[in-house]
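I opened a new structure today and kept notes as I went. The entries below follow the order in which I looked things up.

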Amino acid sequence: MVDIEITGYPIDYLGQPAVQVTFRDISAQIRAEKMLKLNLALQRVRNEVLLMKNEGNWYQIASSIHKELRQLVSFHQCGFILVDLKNDAFDAYLIEATGVEKRANKGIPTSLRHVVETNQVLYRRNREEIAHFGDKVGPKGGCVVDVPFLGGTLAINHTRESAFTDEDIDILKQFAQVLSEAYRRLADLRQMQDQTERLNQRQKMEAIGELSGGLAHDFNNMLTAILTTCDLMMIGRPEDDRDRADLDIIRRAGQQAAALTRQLLAFSRRQVVQPRVIDLNHVLGESHQMLRRLIGEHIELSTVLDADHCRVYMDANQVEQIVINLAINARDAMPTGGVLSIELQQVNIAADETDIPAGDYALLRVQDEGYGMSLEVRERIFEPFFTTKDTGSGTGMGLAIVYGAVQQNNGYIRVHSTPGAGALFEIWFPLAGDRVTGTDNSPAKLATSGGSENILLVEDEELVRK
C-alpha cells in the first residue's frame, strides 16, 4: 500500500478555469512518523519499567501500556497475563472501560498454555472461551491476539473479527519485549532482595550465636560450681536431714539451668557431637513411634521416606532433636488437629540454581496445617527465646536448636508460611558420599597401671578449680 498526498489549486488553462492536482508519495514520511511515535511510546513504557520496584507496580505498567497502545493500535480491551505453569495459575492485569481489573483463575486455559510453552503468537477467531477476558470470541464475536513475553502474554481483543494487521502484531511484539524487561527486572530485584535478607539474617543469627555461646560457657562454669558443691554437701547427709531438702531444691534448679545452657550451646553450635555416617531413613523410621506419642492422637502423622539409603555424616541425636522440635512446633500450631507430614528424598542442586552450593543433598520436608506465620514472625523464629506462645508454654529455644543443629552439620534451612496456611520447613543436608559407615568415635582404651599416678587438673575458672 502506498500513501499518497494529493494537493490541488485553481489555474487558468487556455482561458478556462481548471484545477492542477499534484500526487506525492509520502509513504516513507508516514513510516518515519509512525516509527518515531512507536519509539517514543516504547520509551515511555520502558521508563515506567525502570521505576518498577515491586509487584504492585504491575497495575501501573498495565495502565501505561494501554495508554500508549491506544495511540497506535485499534482495540477493545488490552492487558497482560502473568502465567505460572508450575502452579497451573495465572494473574490477568486488564484495562477495560471501567479501569484496571485483576483476575486470578486456577487452571490455565489450553490456548494460553500453548502460547507460553511454544513462544508463538496466537491469533484466535474461533468460538473459544477466553478465560482471561471473561467472554467468547468467534466469527461474529471478534478476535483475540496473545503475544508471548518472558513471564506470560500480552493480550488484546477487538469486537471485529479481523481487526489486527501484521503491522499491529509487530507493534505488540515490541511492547511484549518491554514487558519481558519488566519481568526480568522484577525477578532480579526480588532475587537481590532475597539474597540481602538471607545474608542479613545469617549475620544476625551468627552474632546471636556468638553471644549465646559465650554466655552459655560462662554460665556453665558457675553451674558446675553450684551443682558440684551441692553434691559434695549432700554426701553423708541422712535422708531426714533438714538441710538436705533445701540442697535438693538448689540442685534441681541448677539442673534445669544446665539443660537451658545445653540448648544455648546447641544453637551456637558449640555442643559436643559425635558425627558418623547414618541413614536418615533408619533414624526417622525409628523416631516414628516416639513422634506419634508426642503429637497426640488428634494429629495425623504422614511419613514418606526415600526409596534408597539416605546417608549423611552427622550425629543421630541431632537428627532427633531437629525432628522432635519441629514436631512440637507443628503440634502447638494445630490444637484442633490436622496433618503433620514428614518427607525425605535425595535431590541434586545444580550450580546457580539457588544460593545453596551445588551438590547432592538429603532434603527433609516437615509440613503442618497450623496457624501459619506472618513475615515478621518468620524473620525471628530461629532467634533464642523468641516465641509467640503464651507465657509458660515454651522457652522459645526449640527452633533455635533446630537452626543450630542444621548449621553445625553444614546444612541449610528454609521456612515457607503464610497466616492460615500452615508452615513448611525444608532442610538440606549434604549426602555422605564415600564416607565409611559407622565410624567409631569412641576414645581408645588404655591399660591401667598401678595406683601411684599424679592427677593434673587444668581449669582457668577459679570456682570450678576449687
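**Entry 1: a glycine and its contacts**

I began with G79. Leaving aside neighbours within four places in sequence, I found G79 in contact with Y93, L94, T153, L154 and A155; contact means heavy atoms within 4.5 Å. G79 lies in strand β3. Helices (H or I, at least four residues) and strands (E, at least two) are DSSP runs, numbered from the N terminus. Is G79 buried or exposed? I read a relative accessible area of 3% for G79, so this residue is buried. Buried means under 20% relative accessible area, exposed means over 50%, and partly exposed is in between (1.4 Å probe, protein chains only). I also checked G79 against I65: they are 14 residues apart in sequence and 7.7 Å apart in space, C-alpha to C-alpha.

**Entry 2: ground rules**

I noted that this is a predicted model, where local features need pLDDT of at least 70, side-chain atom pairs count only at pLDDT 80 or more, and totals for chains, interfaces and linings use all residues. Residues are numbered from 1 along each chain as its sequence is written, and side-chain values use heavy atoms, with hydrogens and water left out.

**Entry 3: the whole protein**

I then stepped back. The protein has 466 residues, and 37% of them count as buried. Its secondary structure comes to ten helices and 17 strands. I looked at contacts between residues at least 6 apart in sequence: 62% of them join residues at least 24 apart. The protein exposes about 27,500 Å², with carbon and sulfur atoms supplying 51% of that. Accessible areas come from the Shrake-Rupley method with a 1.4 Å probe; for residues, only the protein chains shown count as cover.

**Entry 4: an isoleucine in β11**

Next I looked up I278, which lies in strand β11 (residues 276-279). I278 counts as buried, because its relative accessibility is 6%. What does I278 touch, leaving aside its neighbours within four places in sequence? I listed V283, C310, R311, V312, M314, D315, A316 and V319. One of these, D315, I checked by distance. The C-alpha atoms of I278 and D315 are separated by 8.0 Å, although the two residues are 37 apart along the chain.

**Entry 5: salt bridges**

I counted 14 salt bridges in the structure. A salt bridge is a side-chain nitrogen of Lys or Arg within 4 Å of a carboxyl oxygen of Asp or Glu. I followed some of them.

R44 pairs with E68, the closest N and O atoms being 2.8 Å apart. This pair links distant parts of the chain: R44 sits in helix α1 (residues 27-50) and E68 in helix α2 (residues 58-70), 24 residues apart. R44 is partly exposed, with a relative accessible area of 41%. E68 counts as buried, at 7% relative accessibility.

D88 pairs with R113, again with the closest N and O atoms 2.8 Å apart. Here too, distant parts of the chain are linked: D88 is in the loop between β3 (77-84) and β4 (89-96), R113 is in helix α3 (residues 110-118), and 25 residues separate them. D88 counts as partly exposed at 29% relative accessibility. R113 is partly exposed as well, with a relative accessible area of 24%.

R113 has a salt bridge with E117 too, the closest N and O atoms being 3.7 Å apart. Why are E117 and R113 separated by about one helical turn? They are four residues apart in helix α3. E117 counts as exposed at 53% relative accessibility. Salt bridges that share partners join D88, R113 and E117 into one network.

**Entry 6: surface patches**

Last, I looked at the surface. Patches are made of residues with over 30% relative accessible area and no salt bridge: like charges are joined within 9 Å, nonpolar side chains (Val, Leu, Ile, Met, Phe, Trp, Tyr) within 5 Å.

Which residues form the nonpolar patch? I noted V2, I4, I6, V19, V21 and F23, with about 600 Å² of accessible area together. β1 (4-13) and β2 (16-25) each supply at least two residues of this patch. β2 gives the most, with three residues. I6 lies in strand β1. I6 is exposed, with a relative accessible area of 55%.
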